[in-house]
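Have the structure open and follow along.

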Amino acid sequence: MMAPEGIPGTAQERTFIAIKPDGVQRRLIGNIIARFEAKGFRLAAMKVTWPTKAKAEGHYADLSKKPFFGGLVNFFSSGPVCAMVWEGKGAIKTGRVMLGATNPADSLPGTIRGDLCVDMGRNICHGSDSPDAAKHEINFWFSPQEIQNWNPATHSWVYETPSEAFGESKQEEPVVEETGGDSSGALEGEAGSTTERTFIAIKPDGVQRGLIGNIIARFEKKGFKLAAMRVMTPSKEKAAGHYADLSKKPFFGGLVNFFSSGPICAMVWEGKGAIKTGRVMLGATNPADSLPGTIRGDLCIDMGRNICHGSDAPDSAKHEINFWFKDYEVNTWTDSSACWVYE
């Protein structure tokens, strides 16, 4: 199996990109992910996590002698970050170019910092600056089991010679990861309040089509708060457990096979009416019945490729959130814009 940091100098080069607490608070996760997807890079790992001060110090250890080190550590550990591994030819250098200069005032229009931030102390993102840094940061933030090896369906339209990028035709077996507990916790928030939570999953077709950023951005713009997120490849057993209520249906086997066919993006979103509104935002199960403006109405055609799943009731939200996430993976944080979302 390939090392977590990939192979520098090839189409399997990997870089570590983090969206800092300011980017999370400003609901820019979807915007930033969509840029890397549109570029043609492959998302190999992602999670939302709240770093401890010790973790932040380890991340910025090379800057420990700088006078601004303490403030940097305090800020980076002040709230959730979105940690990611992106893969592709020139990912390290190009990733830095896409982020822009450290000081947003020096960043060109079209870069993330050039478009989305003003102050150097709030420059919303971090990216590895060399192969050695990428190797350290990827292994510092992710275990090998969290790195997904999968072949994008679009790779032949991104790389001139796909065989050189991903091997002749042989794909590595994905690392399947079992997560979550026994649905006995209280991770689902309080139904009927602003802390109500719902489980939303972007299925393998949505991941393959590079729609993660688009979908996340819709929930961020709505005003919901992202409490948890992970990219993982479910085992067939995990997929069967997720769809256990449909086990007697004739399409159950196909549903399980498809849901476990590649990485998914599992998320917990929080906000008033999150369960009902989340379903409305997804649209009808059959995209042909989904209204324009909904995710399925805008982004898919066939019911067997309807790109997403959402909890349909408080009981299912409770089960699904606890089934997919452990308590330490669900972040409780204060949203600075809440007073502008809720009366």
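Helix 2 passes helix 5 in a right-handed crossing, meaning that the near helix is turned clockwise from the far one by less than a right angle. This is a predicted model, in which local features need pLDDT of at least 70 and side-chain atom pairs count only at pLDDT 80 or more, while totals for chains, interfaces and linings use all residues. Residues are numbered from 1 along each chain as its sequence is written, and side-chain values use heavy atoms, leaving out hydrogens and water. Helices here are DSSP runs (H or I, at least four residues), numbered from the N terminus.

Who makes the contact (heavy atoms within 4.5 Å)? Helix 2 supplies Arg35, Phe36 and Lys39, and helix 5 supplies Thr94, Gly95, Met98 and Leu99.

Now for the interior. Buried means under 20% relative accessible area, with a 1.4 Å probe and protein chains only. Beyond its neighbours within four places in sequence, methionine 46 is in contact with residues including Ile33, Phe142, Met229 and Cys265.

Finally, find valine 330, in the loop between helix 16 (314-324) and helix 17 (338-341). Valine 330 counts as buried because its relative accessibility is 9%. Leaving aside neighbours within four places in sequence, valine 330 is in contact with Leu187, Arg197, Ala227, Ala228 and Phe325.

Methods
Contact = heavy atoms within 4.5 Å. Helix = DSSP H or I, 4+ residues; strand = E, 2+ residues; numbered from the N terminus. Buried < 20%, exposed > 50% of the residue type's maximum accessible area, 1.4 Å probe, protein only.
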